[in-house]
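Subject: Structure handover

Hello,

Here is the structure I said I would pass on. My notes on what was found in it follow below.

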Amino acid sequence: MAQLSHLWITPEINPINRKARSIPVLNLWNTYGRVFFFSWFGFMVAFWAWYTFPPLITHAIKADLHLTPAQVANSNIVSLSATLLVRYLAGPLCDLFGPRYVFAGTLLFGAIPLGLAPLVKDAQGLYVSRFFIGVLGGSFVPCQVWCTAFFDKNVVGSANALAGGWGNAGGGITYFIMPAVFNSFAARGYTTGQAWRLAFIVPLIIVIITGVSMLAFCPDTPTGKWSERYILVEPIDGIAGVSGHVTDKSAVDSSSKSSDSVKEADNEKEKKANYADEAVMSRGEVIDIIIEGETVQKPTLSSALRILSSPQTLFHIVTYLCSFGGELAINSILSAYYVHNFPSISSTYSANVAAIFGFLNFITRPLGGLLSDVLYKATGHSLWAKKGLIVVCGVLTGVLLLVIGRLDPTDLPTMLGLVSLMAVFLEAGNGANFGLVPHVHPHANGVVSGTTGASGNLGGLLFSIIFRFVGGGTGYAKAFWIIGVIHIGLNLALCWVPPVPRGQIGGR
């Protein structure tokens with residue numbers, strides 16, 4: 001049972017895989033707490049830097065560079081294209097080199113185009129800049145793989161959802177911070193062109209510091225280096241590793257007993273687990289899970305293709321394409337949609353109310369992961385419960401997108417209420433999705449996480465294209481209900497697929 005003290009005390013550790021059974025959110029002195037902090041904070045900083053342009057582009061940058069609405073929409077599409085490529089690559093790279101190096105690498109490499117962004121002079125320069133800054137969006141994949149490597153199955157859904165949700169909130173933070181920094185420079189007498197360029201200094205400094213700190217203060221895995229991830233079983237009370245086998249110490253110490261007695265002991269059930277949410281495993285199952293099932297293996301082309309073509313992976317691809325793809329595309333146009341429907345509001349006010357959509361991630365995405373873990377425990381470890389939550393969130397999101405699109409509210413409170421309610425299910429669906437991902441092909445977690453994460457950007461790209469061409473780039477309401485129909489259809493298309501492949505070892 002979860003306790004408030006779990007937020008700061010040293011967590012209990014699974015003696016077999018060295019993963020934590022609780023999340024020490026407030027304990028940065030502890031290795032698990034420190035890794036969790038850099039997982040969510042690193043992704044939040046990356047998301048903020050990735051979305052530095054949208055809060056300023058509606059008015060300041062658009063006016064300074066003389067951009068058309070079509071060019072602004074094109075830049076949104078270009079930004080998502082780079083992230084799509086990086087996320088596909090990040091998954092296998094995490095399995096090869098470990099998530100910490102991939103995470104820090106995306107931050108430090110992304111800092112280069114971020115620092116060069118003030119040199120943009122026209123639409124073409126904007127496209128190039130936003131494309132390479134899009135590398136920062138790829139940090140989501142190592143964020144999730146890193147959390148999965150440090151937190152056990154009873155809390156991994158919550159850990160992934162908290163890290164992803166708080167990280168995604170960077171999309172809301174940027175709508176507050178970037179206009180505030182811009183306004184502070186403008187108030188000091190800088191021109192519009194100078195002020196928006198100087199504003200990029202703030203995220204640049206924080207991105208660099210975060211990337212370097214991640215390398216300096218965190219390990220790759222609970223056992224240390226990524227190359228040491230196979231070192232899982234250590235001698236503990238009741239279990240000992242002997243020549244690659246897992247046996248009871250009592251059986252080893254009593255070798256003088258008859259072979260019949262030993263066989264009888266071997267056939268006995270394991271003692272009841274200390275944790276009610278952990279299934280009892282026999283010795284053979286422990287060995288299989290450690291060696292064959294749960295340890296991340298070096299990816300090969302054939303194994304990656306087999307995993308990517310499995311119906312379970314495809315389910316996560318299409319559902320995350322809808323949920324996170326919808327979030328990315330909507331986050332890019334929401335401020336413009338508010339200005340379009342309510343022309344009397346200022347650019348700063350439209351940015352502030354648009355930020356609500358991203359800020360809800362602080363609560364909504366973690367809520368999806370928490371519900372995933374709660375349902376998993378309440379249903380006796382049924383992964384169908386986790387999967388059902390994903391589908392329900394996806395379908396309800398689609399229904400609310402249809403409602404917003406058909407009503408096209410001209411009353412601001414009504415608009416904000418509907419968009420916020422839609423965001424609850426949309427963002428909770430993201431958290432629920434990565435509550436189930438660690439159970440699917442756990443020996444290739446990087447490949448599954450990377451592909452799922454990349455599908456979110458593919459969805460963002462596709463939905464941004466819809467926003468770009470429907471109504472000449474300003475038909476927001478019609479685009480909303482079209483995207484709603486897609487949400488409902490794709491979430492129902494693979495809802496019948498079993499959560500994990502039949503016969504899969506580990507992950508249950």
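The structure holds 31 aromatic pairs; rings of Phe, Tyr and Trp (its six-membered ring) pair if their centres lie within 6.5 Å, and planes under 30 degrees apart count as stacked, over 60 as edge-to-face and the rest as tilted. One of them joins Phe53 and Phe200: the ring centres are 5.0 Å apart and the planes stand at 55 degrees, so the pair is tilted. Phe53 is in the loop between helix H1 (31–50) and helix H2 (54–65), and Phe200 is in the loop between helix H9 (192–198) and helix H10 (201–217), so the pair ties together parts 147 residues apart in sequence. Both Phe53 and Phe200 are buried, where buried means under 20% relative accessible area, exposed over 50%, and partly exposed in between (1.4 Å probe, protein chains only).

Phe176 and Phe359 also form a tilted pair, with 5.2 Å from centre to centre and 45 degrees between the planes. Phe176 belongs to helix H8 (residues 170–187) and Phe359 to helix H16 (residues 347–359), so this pair links parts of the chain 183 residues apart. Phe176 is partly exposed at 36% relative accessibility, and Phe359 is partly exposed at 26%.

Before going on, a note on the source. This is a predicted model, in which local features need pLDDT of at least 70 and side-chain atom pairs count only at pLDDT 80 or more, while totals for chains, interfaces and linings use all residues. Residues are numbered from 1 along each chain as its sequence is written, and side-chain values use heavy atoms, with hydrogens and water left out.

For the chain as a whole, the secondary structure comes to 21 helices and 2 strands; these are DSSP runs numbered from the N terminus (helices: H or I, at least four residues; strands: E, at least two). Of the 508 residues in the chain, 56% are buried. Among contacts (heavy atoms within 4.5 Å) with a separation of 6 or more, 79% are between residues 24 or more positions apart.

Two charged side chains sit over rings, meaning that NZ of Lys or CZ of Arg is within 6 Å of the ring centre and within 35 degrees of the ring normal. The charged end of Lys387 is 4.2 Å from the centre of the Phe315 ring, and that of Arg468 is 4.6 Å from the centre of the Phe469 ring.

Helix H17 covers residues 364–378; at 1.5 Å a residue its 15 residues should span 21 Å, and the end C-alpha atoms are 21 Å apart, which agrees. The expected span is 1.5 Å times one less than the number of residues. The buried residues of H17 include Pro366, Gly369 and Tyr376. The helices they pack against include H6 (140–150), H7 (156–168) and H15 (311–341). Just after H17, Gly380 takes a positive phi of about 70 degrees.

Asn30 lies in the segment before H1 and is buried, with a relative accessible area of 13%. Its side chain reaches the backbone nitrogen of Tyr32 at 2.9 Å. This is a polar contact (a pair of N or O atoms within 3.5 Å; within protein, one must be able to donate a hydrogen and the other to accept it, and residues adjacent in sequence count only if both atoms are side-chain atoms). Not counting residues up to four places away in sequence, Asn30 touches Thr10, Pro11 and Pro24.

Regards
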